[in-house]
Amino acid sequence: MQYQKILDTIKEELSTKQNKGKVASYIPELAKVDPNKFGMHLYCINSGHYGFGNEEEQFSIQSISKVFSLTLAMSLLNDELFERVDVEPSGDPFNSLVQLEYENGIPRNPLINSGALVIADILVSTLDNPKKQLLDFIHEITGNTGININLKVFNSEKKYSNRNASLLHLMKSFGNVKNDIETVLDLYIFQCSIAMSCKELATAFMVYANSGRTLFDKKQIISERKIKRINAIMQTCGFYDEAGEFSFRVGLPGKSGVGGGIAAIHPGQYAVTTWSPPLNPKGNSELGMYALERLTTLTGFSIF
Ligand code: GLN
């Protein structure tokens with residue numbers, strides 16, 4: 001497969017495409033990012049790396065971090081974790097409160113805000129130093145100890161976190177948050193403010209494409225069974241109320257973030273990441289989705 005040629009075609013198409021998306025502004029620091037940035041990186045299990053554009057520039061991974069925190073929690077706990085968070089697509093926006101009311105404070109899945117906040121609560125209960133241990137986990141799966149948070153993004157989201165605080169309060173009223181709300185919120189905002197490039201994210205997501213093993217040092221990070229489950233959750237829940245549309249158009253398990261990043265995988269084949277800050281109305285990167293749709297169309301490689 002001539003991957004670089006295919007990426008060059010996508011790059012060419014993107015250069016003529018009008019971007020109707022809007023950069024997220026509810027976290028003020030994110031609104032400062034140049035909307036014209038675009039990076040893409042494809043990391044194949046058997047046939048190398050390919051990419052173009054701003055693939056080495058770090059951006060705020062935001063909700064993509066929910067996959068890492070879920071993986072860390074699943075590596076520490078077994079099925080009891082799923083008594084506190086469900087695995088159904090929500091069909092609602094990422095920060096919605098509505099379902100919690102009639103589902104007794106149990107979030108629909110771990111990849112929406114409520115679910116990721118419960119996972120953060122679990123990490124606070126289980127780990128001595130959850131922030132450090134989450135970063136250590138990302139260092140382990142990327143082989144890069146330089147990855148850290150963007151402090152400006154962290155401070156910016158801290159100031160505008162009433163919505164996530166309200167999710168925590170509601171869930172705590174049902175007994176599904178065990179720790180102090182400020183501590184859990186702090187960990188959640190910390191994980192969202194982690195900065196990574198497309199290249200670094202593709203390396204990290206290789207674990208999900210490669211049956212739970214890193215490709216660079218062949219280390220089994222988490223069991224194959226658990227990776228299969230995480231990939232299933234990404235497939236059904238990774239794009240909030242656009243998970244169906246992403247499956248329909250792209251056909252890969254993946255996860256988006258409001259920083260404009262998307263990471264997706266083809267089990268046994270590759271990990272692919274895109275970064276373009278302007279988002280569609282559902283909070284997913286407009287051009288990122290387009291580029292990934294073109295990738296699976298031009299390669300003929302989707303999971304379907
Ligand atoms: N930090 C963001 C929030 O909680 C993450 C949302 C996202 O990326 N969808 O609002």
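**Figure 1. Overall view of the predicted model.** Buried residues make up 49% of the 304 residues in the protein; a residue counts as buried if 20 or more other C-beta atoms lie within 10 Å of its own, as exposed if 12 or fewer do, and as partly exposed in between, with C-beta atoms placed from the backbone. The structure is a predicted model, in which local features need pLDDT of at least 70 and side-chain atom pairs count only at pLDDT 80 or more, while totals for chains, interfaces and linings use all residues. Residues are numbered from 1 along each chain as its sequence is written. The average pLDDT of the protein is 97, and 100% of the residues score at least 70; pLDDT is the predictor's confidence in each residue, from 0 to 100. The model scores ipTM 0.95 and pTM 0.98. Its secondary structure comprises 12 helices and 8 strands, defined as DSSP runs (helices, H or I, at least four residues; strands, E, at least two) and numbered from the N terminus. The radius of gyration is 18 Å, close to the 19 Å that the globule rule gives for 304 residues, so the protein is as compact as a globular protein of that length. This radius is taken over C-alpha atoms, and the globule rule is 2.2 Å times the number of residues to the power 0.38.

Figure 2. Strand E1 (residues 39-44) pairs with strand E2 (residues 48-53) in the antiparallel sense over 6 bridges; two strands pair if DSSP finds at least two bridges between them. Gly39 has Gly53 of E2 as its bridge partner, and 3 residues lie between the two strands of this hairpin. E1 is also joined to E8 by 6 bridges, again running antiparallel, with Met40 partnered by Thr274 of E8. Strand E7 (residues 261-266) pairs with E8 in the antiparallel sense over 6 bridges, and Ala264 stands opposite Val272 of E8. In the hairpin of E7 and E8, Gly268 takes a positive phi near 80°.

Figure 3. Of the 6 residues of strand E8 (residues 270-275), 6 are buried, so the strand is largely enclosed by the rest of the structure. One side carries Tyr270, Val272 and Thr274, the other Ala271, Thr273 and Trp275, and all of these are buried.

**Figure 4. Close-up of the largest nonpolar core.** This core has 85 residues, and those with the most contacts inside it are Leu117, Ile119, Tyr188, Leu201, Phe205, Ala271 and Leu292. A nonpolar core is a set of buried Ala, Val, Leu, Ile, Met, Phe, Trp, Tyr and Cys residues joined through C-beta atoms within 7 Å. Helix H9 (residues 198-209) supplies the largest share of the core, 9 residues. At least three core residues come from each of domain 1 (3-57 + 198-299) and domain 2 (63-192). Not counting residues up to four places away in sequence, Phe205 touches Ala263, Ile265, Ala271 and Thr273; contact requires C-beta atoms, placed from the backbone, to lie within 7 Å.

**Figure 5. Close-up of the contact between domain 1 and domain 2.** The domain bounds come from an automatic or database domain assignment. The C-alpha centres of domain 1 and domain 2 lie 21 Å apart, and 32 residues of domain 1 are in contact with 31 residues of domain 2. On the side of domain 1 that touches domain 2, the elements giving two or more residues are H9, helix H10 (224-237), strand E6 (254-256) and E7. H10 gives the most to this side, with 6 residues.

How values were computed: Two residues are in contact if their C-beta atoms, placed from the backbone, lie within 7 Å.
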